[in-house]
Amino acid sequence: MPQVRIIAKNFMDMVAALPAMKLDKLYENAFICEAILRSLPPLAKKYVLQMLCIEVPVTAKSMEEWVLPDGVSKHRVAIDRLIQLRIFTETVDRKRETTYTLNPIFQTNLKKLLLYGVVLPRDPMPSNVTVRLPSSEDLEAFALGQWECFLLQLINSSQIERPSNISSSMMKIFQRGLLSQRDKEAPRLTESGFQFLLMDTNAQLWYIIREYISNSEERGVDSADLISFLLELSFHVTGEAYNINTLTEVQKNTIKDLADLGLVKLQQGRKDSWFIPTRLATNLSVSLTDSSSRKQIISFLQQNAHPRVAERVPSVPENVTDQIRLWETDLNRVEMTPAYHYDGFPSRDLFEGASDFARGYNALLWEDPEDSKKMSLVVKAENHVHMREYLSRQRQ
């Protein structure tokens, strides 16, 4: 069923689906680079760190020598993930040699992070300014209370005693796929709704956060800015107070919504007001991959293994878990790109020149130099005007 896949979809897939310009903008934030690095498979992390100081493309053949023969499946998973997140750019030249280049924006900011450490955009407020801050126990109780209140309103809005400040239109977006309603009947939980209730809190939270982000453009909020702020928030210290005046207007509105979910607690002083991150907020970047479909599946196999098998370490063989990861990766490999198809070149020189020209713009999606009669190539639609002008100049 389609809703089941929506719940299982990894948050990083949403990041990977951002347009290239927005993703590059996201990578300008060092916190995002660290959060993304944390979310990567172990081998992908290794590749990123190995290429951090390499300024030239690395051939696929060279990278294959970095792994042992029995690690081929993990290698493919790592490379596919890096390409999906545009951390790696894959290029194929006319000789069919594949090379990989580390995203220069990601590379620069990750270097700065490793050299100079994390520098938050805001410091905690001094204790002599803030009123008595809640204890860790009180803050935990507040976070869980807010989240449980939200869940009750999400599943059964009519019976909630203390509704949250989340608008009814926003609540309907959260309920989409979890509840179904026919005519005048009361809303009922769908199969996806039952799955949602069985998830742990972090997985439930990321589902709601994904829905919140997916609707952001309709509210006039840039999705990349929202993702950036949410992941940045996860690097704040639980229980510390941060001045709300350090936030932009969009971030101030977002922080109010996050308070209703239990991610932050808001407090007002005589002159200033502040927000206090709870454990739900600071765990965001740590639990990025906890709700992915392959971990639902793998955890299910581990929990339901035969007693004799469960005694083994690991209880699920590595080749099985690797295959599940590959299946998930394959599901997310297809990407639609508007493009133009060029063929019927009058000469091989013009065809090769056009291929090199498109490659220079990183716009070449496919070429077929083997067929000397057709000499076909496919170029991104956004570069069609440049391509047309180039061909016109060459034919003069």
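At what angle do helix H13 and helix H14 pack, and how far apart are their axes?

## Helices H13 and H14

In this predicted model, helix H13 covers residues 223-233 and helix H14 covers residues 249-261. They pack at an angle of about 60°, and their axes are 11 Å apart. Angles of 65 to 115 degrees count as roughly perpendicular; H13 and H14 are therefore oblique to each other. The crossing in which H13 passes H14 is right-handed.

On the H13 side, the residues that meet H14 are Leu226, Phe229, Leu230 and Leu233. Their partners in H14 are Gln251, Thr254, Ile255 and Leu258. Sorted by class, this contact has 6 nonpolar residues, 2 polar residues and no charged residues.

## Helices H4 and H13

H13 also meets helix H4, which spans residues 30-39. Here the axes come within 9 Å and cross at roughly 75°. That angle makes H4 roughly perpendicular to H13.

From H4, the residues in this contact are Phe31, Ile32 and Ala35. From H13, they are Ile227, Ser228, Leu231 and Glu232. By class, the contact of H4 with H13 has 5 nonpolar residues, 1 polar residue and 1 charged residue.

## Two arginines with positive phi

Which loop holds arginine 86? This residue lies between helix H7 (72-84) and strand S2 (88-92). Arginine 86 is not a glycine, yet its phi is positive, at about 55°. Its relative accessible area is 21%. The cut-off for a buried residue is under 20%, so arginine 86 counts as partly exposed.

Arginine 96 is placed in the loop between S2 and strand S3 (98-102). Its phi is also positive, near 70°, in a residue other than glycine. Is arginine 96 buried, partly exposed or exposed? With a relative accessibility of 44%, arginine 96 counts as partly exposed.

## The protein as a whole

The secondary structure comes to 20 helices and 11 strands. The protein has 396 residues, and buried residues make up 46% of them. Its accessible surface comes to about 22,000 Å². Carbon and sulfur atoms account for 52% of that surface.

How many of the contacts between residues at least 6 apart in sequence join residues at least 24 apart? The share in this protein is 69%.

Conventions. Residues are numbered from 1 along each chain as its sequence is written. This is a predicted model: local features need pLDDT of at least 70, side-chain atom pairs count only at pLDDT 80 or more; totals for chains, interfaces and linings use all residues. Side-chain values use heavy atoms; hydrogens and water are left out. Axes are lines fitted to C-alpha atoms, for helices over the stretch in contact, and angles run from 0 to 180 degrees between N-to-C directions. Helices (H or I, at least four residues) and strands (E, at least two) are DSSP runs, numbered from the N terminus. Angles under 35 degrees count as roughly parallel, over 145 as roughly antiparallel, 65 to 115 as roughly perpendicular and the rest as oblique. A crossing is left-handed if the near helix is turned anticlockwise from the far one by less than a right angle, and right-handed if clockwise. Contact means heavy atoms within 4.5 Å. Ala, Val, Leu, Ile, Met, Phe, Trp, Tyr, Cys and Pro count as nonpolar, Asp, Glu, Lys and Arg as charged, and the others, Gly among them, as polar. Buried means under 20% relative accessible area, exposed over 50%, partly exposed in between (1.4 Å probe, protein chains only). Accessible areas come from the Shrake-Rupley method with a 1.4 Å probe; for residues, only the protein chains shown count as cover.
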